[in-house]
Amino acid sequence: MIVNKGNDISVVKQQYATANNLCTRMSIHDKYSTNKTGFGNWIVSNYRIEKGMKVLELGCGIGDMWKNRESLIRACSKLVHSDFSEGMLAIAKENVGNYDNVEYKVVDIQEIPYEDEIFDVVIANMMLYHVPDIYRGLAEVRRVLKKGGSFYCATYGEHGITEYLSKILSAYGVEDKLNKNFTLQNGYAILS
């Protein structure tokens, strides 16, 4: 796994050019999480998507959150799965499938190619810490989100498994180099 200490987008593009690293991370969560609901199921259970809404997902990865959720997909009048990685989008399309109301598009959150106030819901899970200019990206989210719309974003906490493993493996040179640009600890202030 490539560790990106800062906001070097080329490192992120290299890390996520294929789904291998993401799938490894997801399998670790699946195997060792104490949350029996499952991370993706819990996140989706918090969405409030009503019939006819337009939804933009930024950083959709392999589309795992939408797998086997046909009724939720069909409730959307438009659902755009986006990622900056064409490789991720190809797998997302395989996982989610083809629907008349679903688009797959390469999108950079810092330059969202849609008109103002078009989406009822924007989703950006586990990706905001990768955005080189987080404030520019969030300004774009605000721009494309309808007034009264919802922005859903999940992230990790700073005191998780990486911190623990780096402490117990420090004798072997393992360091906590986790990207802390958008975490549970600072995310609220950034979003504010």
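**Notebook: helix α6 and its surroundings**

I began with helix α6, whose buried residues pack against β1 (54–57), β4, β5 and α8 (187–191). This is a predicted model, so I kept its rules in mind: local features need pLDDT of at least 70, side-chain atom pairs count only at pLDDT 80 or more, and totals for chains, interfaces and linings use all residues. Residues are numbered from 1 along each chain as its sequence is written, and side-chain values use heavy atoms, with hydrogens and water left out. Helices (H or I, at least four residues) and strands (E, at least two) are DSSP runs, numbered from the N terminus.

**Entry: confidence**

I looked up the pLDDT, the predictor's confidence in each residue from 0 to 100. The protein averages 88, and 83% of the residues score at least 70. Over residues 1–5 the pLDDT is below 50, though beyond near neighbours in sequence this stretch has twelve contacts in the model. Contact here means heavy atoms within 4.5 Å. Where pLDDT is low, the predicted coordinates should not be read in detail.

Which residues of α6 are buried? I found Ile 134, Gly 137, Leu 138, Glu 140, Val 141 and Val 144. Seen down the helix axis, they fall within an arc of 155 degrees, so they line one face of α6. The arc is that of the directions from the helix axis to the C-beta atoms. On the face turned away from the buried side I noted the exposed residues Tyr 135 and Arg 142. Buried means under 20% relative accessible area, exposed over 50%, and partly exposed in between (1.4 Å probe, protein chains only).

**Entry: salt bridges**

I counted a salt bridge where a side-chain nitrogen of Lys or Arg lies within 4 Å of a carboxyl oxygen of Asp or Glu. The whole structure has nine. One of them joins the side chains of Arg 143 and Asp 116 (2.8 Å, N to O). This pair links distant parts of the chain, with Arg 143 in helix α6 and Asp 116 in the loop between β3 (102–106) and β4, 27 residues apart.

Next I checked Asp 120 and Lys 146, whose closest N and O atoms are 3.3 Å apart in their salt bridge. Asp 120 lies in strand β4 and Lys 146 in strand β5, so the pair ties together parts that are 26 residues apart in sequence. Asp 120 is buried at 16% relative accessibility, and Lys 146 is partly exposed at 31%.

Lys 167 is exposed at 58% relative accessibility, while Glu 163 is partly exposed at 22%. Salt bridges that share partners also join Asp 116, Glu 140 and Arg 143 into one network.

**Entry: aromatic rings**

How many aromatic pairs are there? I found four, pairing rings of Phe, Tyr and Trp (its six-membered ring) if their centres lie within 6.5 Å; planes under 30 degrees apart count as stacked, over 60 as edge-to-face and the rest as tilted. The rings of Tyr 114 and Phe 119 have centres 5.1 Å apart and planes at 85 degrees, so this pair is edge-to-face. Both residues, Tyr 114 and Phe 119, are buried. I also noted that Tyr 47, Trp 66 and Tyr 152 form one aromatic cluster.
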